[in-house]
Amino acid sequence: MGGLSPGGLALLLVSALLAGGCTELAPHAGPITLVLKHARILGPADPFPGLLREFEAAHPGVRVRSESLPWSSDEQHQFYVVNLEGQSPGFDVMMLDVIWVPEFARAGWLLDLTDRVRPQEFAAYFPSTVAAATWSGRVWAFPWNMNVGLLYYRRDLLAKHGFQPPVTWAALADQVRRIRAAEGDPTLEGYLWQGKQYEGMIVNVLEALWAHGTGLLGDDGTVFPEPERAAAALGFLRRLIATGVSPSWTTAADEELSRRAFGDGHAIFLRNWPYVLNLLEAPGSRVRGRVGLAPLPGGVGGVGAGSTGGSHLGIARGTAHPDLALALVRFLTGERAERAMAAGAALYPTRTALYHDPALVAGNPWLPRIHDLMLAGRPRPVTPSYLLLSTTLQPELSAVLVGLKSERRAIIDARRRLDYFLASNR
Amino acid sequence: MTPRERADRRRGLLLLAPTLAILGVVTVYPGAWVLWLSLQHRIPVFGVERFAGVSHYAFLAGDPRFWSAVWTTAVFTASSVTLELVLGVLVALALAGQRRGRHLAFSLLLLAWAMPAVVTAKLFEWLYHPAAGLLNFLLGARLNWLGDPGLALPAVVLADVWRTLPFVAVLAYARLLAIPAELVEAAQVDGAGRAATFRHVTLPLLRRILAIAALFRTLDALRAFDIMFVLTGGGPAGTTETLTVYAYRGLFQMLQLGFGSAVGVVVFALVMTVAWAYVRLLSAEESRA
């Protein structure tokens, strides 16, 4: 970057005066660069560059450089851990998977936003996203986009055989058996979900725990507070595979593997996130116009609920420009930016009002329905030890799904391992 | 020792000093640091930093996940290195025996070697696809390659063999080209068939280069990470989790730097032991020859 011409300097000074308190020009008066780290944004039309230019136009003298994170969530987490442990992270604003917020806050890597958030500012967001941005009674991030686990079903097949979307798991299994028997198509699978050994499997297990009226972490921090119910939930998942309601390859299935099989018309039910809807309804999709959306079933001692996910925007504590960084976060999580992201990038907003926005609903008539499902969604345990918990549980729970371990054995083994690690955290 | 020898020795040490200093900075210092970390509870997220003694090692001794990782690492290393050596030699022989298209075959062979492990893993993810994968299509089966605890590790080994076989093949091929034709002809004149020629002439001449290839491949395989990390994430039921993957999970996901370092130290010790054994074997061979 070359030096600043006298004319440019004058322009900067004028713009600094015009922008008022919003801009904090350093004494050297060079242009300020804010670095934003985020995952690549997929979708028909990426609105991101346009949004950033808009922010720059409103904040003269400020440039925003957006830098892509690695592809997978594991690598993103690793990138942050390595860079945030040092003193100058090299970025100001960062996209965070909701499950990292408490961990990063606990580590002192995030700027505490509690005193900067305006009263009522968070009222516009889904309460569960606000809960995920809050830890230890303080606010660490702004909710940016949202996800919830849903049940997709083949509307045409259910209608043909006279079924309503199942409200209980027993009804789902029954419908699978009857429809497959009647269709006689050996390539038609029943219920697809994610059982590969990874974070996505933990989400599916959590949803099964909720459907069985229990959870992963008790109020006092006990893992599997009700082991009998947890064993029942794990046994239920194992039986889905063992009895053929779900195919055997469920134990290798992630979101995309299961989405493709359902999208090719090879399954009756699918548990997945809302992004799938846009792909299923895209021109050329084999199941276009034949898909329905429902809440995940319950009825085994609990109410079915989808797990929420998504990402937040937080500010690195080492930033030199906290006010500007906050302005950028506010802008990107504001109504205008979230609307543009929802329209162009298939990212679901965290602001509840947008789900009834006439222009957006015209483009995606499912929005009001998804709103209700998002509202009913439940967050994963909000704890700084979340990744420790998940990483420890993954092989144990996978062993139950493939039939190598009994549910009870897996629960005992997982608890024993977690006791060692959680004790050393204290 | 004569004064002259002593002076030579001193000069030798002086000339070695820069190498030793660099080795000290880039390997000994970090190695010692990891060893020191492994004796601590160090969890930056929780601000925990205290001496743990050997408690991580004691925990590992009774940790089924650790022993499963040791077993997986051993099986992966033994089977992938064996297959790579056997198939690598076969490919090298085929290549050397080929009259036309040798350059093309050679280039195609190198392609697999040049591909980053992550790309190979993605490629094999498609080959192993339960419904749409080429492998199941060819076999006319619906095998659950990556989701069956009995098949996942063989599937990972196969992907690794495909990727690293060219390394062995190229080394063996280069050695084959250097074998004088007279040697083979002499054997044939003496009445040796193809198999006998291979056994008594070609193989002994390939021995040293294969030992070196085996050393490199073994040390790589003991530290294998990316192929299983991308393909299976260590699953199902941890059946493809190697020690390096376990160390990664401890360090970067559980953020237990002390515990993760302890696993790292074990990997290091394992690699050093195997390397030492190989070097002993090679030098014993040399003194015999």
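Predicted model: local features only at pLDDT ≥ 70, side-chain atom pairs only at ≥ 80, totals over all residues.

Reader: Okay, chains to begin with. How many residues of chain B are in contact with chain A?

Author: 42 residues of chain B are in contact with 39 residues of chain A.

Reader: And what area is buried between chain B and chain A?

Author: About 3400 Å², and carbon and sulfur atoms give 58% of that. On the chain B side, B:V45, B:F46 and B:Q253 supply 18% of the area that chain B buries against chain A, more than any other three residues.

Reader: Got it. How many salt bridges are there between chain B and chain A?

Author: The count is 3. A:E189 and B:R142 form a salt bridge, and their closest N and O atoms are 3.7 Å apart.

Reader: Which helix of chain B gives the most to the side that touches chain A?

Author: Helix 11 of chain B, with 5 residues. By type, the residues on that side of chain B divide into 21 nonpolar, 14 polar and 7 charged.

Reader: Let me pick a residue in chain B. Where is B:Q40?

Author: You'll find B:Q40 in strand 1 of chain B.

Reader: Buried or exposed?

Author: B:Q40 counts as buried because its relative accessibility is 5%, and the cut-off for buried is under 20%. Its side chain makes a polar contact of 3.3 Å with the side chain of B:R42. Setting aside neighbours within four places in sequence, B:Q40 is in contact with residues including B:E49, B:F51, B:H56 and B:G258.

Reader: Switching to chain A. What domains does the assignment give?

Author: Chain A has domain 1, covering 26-146 + 309-376, and domain 2, covering 150-306. The C-alpha centres of these two domains of chain A lie 30 Å apart. Their contact takes 11 residues from domain 1 of chain A and 15 residues from domain 2 of chain A.

Reader: What's the buried area between those two domains of chain A?

Author: About 970 Å², with carbon and sulfur atoms giving 71%. A:Y348, A:W366 and A:L373 supply 52% of what domain 1 of chain A buries against domain 2 of chain A, more than any other three residues.

Reader: How many salt bridges and polar contacts are found there?

Author: Between domain 1 and domain 2 of chain A there are 0 salt bridges, and 2 residue pairs are in polar contact.

Reader: One last residue, then. Where does A:S258 sit?

Author: A:S258 is in helix 10 of chain A, residues 255-263. A:S258 is buried, with a relative accessible area of 0%.

Reader: So what does the side chain of A:S258 have 2.9 Å away?

Author: The backbone oxygen of A:D254 lies 2.9 Å from a polar atom of that side chain. Leaving aside neighbours within four places in sequence, A:S258 is in contact with several residues, among them A:L192, A:W193, A:W249 and A:N272.

Methods: Residues numbered from 1 in each chain as written. Chains lettered and ligands numbered in written order. Heavy atoms only, no water. Contact = heavy atoms within 4.5 Å. Buried area = accessible area lost by both parts, 1.4 Å probe. Salt bridge = Lys/Arg side-chain N within 4 Å of Asp/Glu carboxyl O. Helix = DSSP H or I, 4+ residues; strand = E, 2+ residues; numbered from the N terminus. Nonpolar A, V, L, I, M, F, W, Y, C, P; charged D, E, K, R; others polar. Buried < 20%, exposed > 50% of the residue type's maximum accessible area, 1.4 Å probe, protein only. Polar contact = N/O pair within 3.5 Å; in protein donor to acceptor, adjacent residues only side chain to side chain. Domains from an automatic or database assignment.
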